[in-house]
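Colleague: Could we go through this model together? I would like to discuss its pockets and its aromatic contacts.

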Amino acid sequence: MAANEIPSAGYSSQLLNRVQVAEGTMVFHFEKPSHFDFKPGQSADVTLPDPPETDAEGNTRTFSIASSPFENQLMFTTRLRDTAFKRSLKKVPLGTEVKIGPAMGSFTLHKNSAKLAVFLAGGIGITPFLSIVRQADHDRLPHKLHLFYSNRRPEDTAFLETLQMLEKSNPNFHLICTMTEMPQSQKEWKGETGLINKEMLSRHLFALQGPVYYSAGPPAMVAGISKMLIAAGVDEDDIRTEDFAGY
Ligand SMILES: Cc1cc2nc3c(=O)[nH]c(=O)nc-3n(C[C@H](O)[C@H](O)[C@H](O)COP(=O)(O)OP(=O)(O)OC[C@H]3O[C@@H](n4cnc5c(N)ncnc54)[C@H](O)[C@@H]3O)c2cc1C
């Protein structure tokens with residue numbers, strides 16, 4: 001196959017590993033097919049060609065690529081809801097063949113490093129940002145990045161330690177995690193609590209107008225954040241969104 005040719009049925013890959021990274025949340029590592037190119041923040045379709053069970057939703061799901069291009073494996077992360085696709089992904093043996101579609105989407109970091117990037121992640125919506133932030137750290141990008149990351153509890157917060165380490169290694173990266181249901185948590189939490197709102201953004205940002213905002217997660221959260229930003233006077237051209245349809 002020529003280097004720039006995309007196989008019509010998707011790239012062949014295999015499941016290499018799976019690791020729980022938060023309550024009900026699992027990372028899946030796949031072999032990275034040769035010639036598979038992507039930009040941090042893009043997504044791809046993952047297909048189980050021969051799953052142990054299936055249902056009306058079919059054998060394919062779209063996932064953001066949670067790994068970064070500099071890494072030699074592809075990583076996807078999902079909340080393990082009780083659907084045929086996810087039960088299958090959780091139980092098929094390591095080495096199982098999957099098909100991975102070409103990288104899609106334009107939810108990628110802007111070029112102008114003079115403009116602050118503000119990432120707003122709800123739960124599993126962290127996946128494109130993990131890819132962007134890790135690649136930015138690897139490439140020593142000059143962009144200033146603020147990540148607001150909302151979860152119900154620390155127990156549900158995937159990649160919390162990884163992100164805290166990235167904040168230490170990259171002086172351009174600032175992490176603001178917030179928990180919305182601490183009374184249900186068994187863990188201690190000293191950071192922000194409550195939903196991401198204008199008041200929280202104002203406490204951490206020099207000005208609300210100016211940055212490029214990116215929000216990803218369940219559609220209801222992404223819509224709510226866009227509405228809040230527009231009401232706060234943010235230019236619609238500076239708001240980019242990725243709906244995780246299906247949540
Ligand atoms: C660009 C893009 C990127 C995405 N990236 C990611 C990602 O990185 N990680 C990720 O996990 N997902 C991601 N998604 C969403 C993903 O494609 C699936 O839609 C999602 O994971 C749900 O799949 P499922 O098998 O759990 O539900 P499906 O079987 O697809 O069912 C979808 C519908 O059934 C209902 N449903 C099913 N199970 C439940 C339940 N337990 N509780 C309530 N309602 C339920 C929901 O109403 C939902 O609308 C992305 C989507 C897009 C479009």
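**Pockets and aromatic pairs**

Modeller: Strand S4 gives the most to the lining of the second largest pocket, with five residues. Please bear in mind that this is a predicted model.

Colleague: What is the volume of the second largest pocket?

Modeller: The second largest pocket holds about 460 Å³ of space. It is lined by 20 residues, and Arg61, Thr62, Ala245, Gly246 and Tyr247 are the closest to its centre. The elements that give two or more residues to this lining are strand S4 (60–64), strand S5 (73–79) and strand S12 (239–243).

Colleague: How do the residues of that lining divide by class?

Modeller: In the second largest pocket, five lining residues are nonpolar, nine are polar and six are charged.

Colleague: And the largest pocket, what is its volume?

Modeller: The volume of the largest pocket is about 610 Å³. Its lining has 24 residues, with Gly122, Gly123, Ser150, Arg152 and Pro218 nearest the centre. Strand S8 (145–151) and helix H5 (219–231) are the elements that give two or more residues to this lining.

Colleague: Which element gives the most there?

Modeller: Helix H5 does, with five residues. By class, the lining of the largest pocket has 10 nonpolar, eight polar and six charged residues.

Colleague: Let us change topic. How many aromatic pairs does the structure hold?

Modeller: The structure holds nine aromatic pairs. One of them joins Phe63 and Phe76, a tilted pair with 6.2 Å from centre to centre and 50° between the planes.

Colleague: Which parts does that pair tie together?

Modeller: Phe63 lies in strand S4 and Phe76 in strand S5, so the pair links parts that are 13 residues apart in sequence.

Colleague: Finally, which residues form an aromatic cluster with Phe63?

Modeller: Phe30, Phe76 and Phe85 form one aromatic cluster with Phe63.

How values were computed. Residues numbered from 1 in each chain as written. Predicted model: local features only at pLDDT ≥ 70, side-chain atom pairs only at ≥ 80, totals over all residues. Heavy atoms only, no water. 1 Å grid on protein atoms, 1.4 Å probe; cavity = no way out; pocket = protein on both sides within 12 Å on 5 of 7 lines; lining within 4 Å. Points joined across faces, edges and corners; volume = space filled by probe spheres on them. Helix = DSSP H or I, 4+ residues; strand = E, 2+ residues; numbered from the N terminus. Nonpolar A, V, L, I, M, F, W, Y, C, P; charged D, E, K, R; others polar. Phe/Tyr/Trp six-rings, centres within 6.5 Å; stacked < 30°, edge-to-face > 60°.
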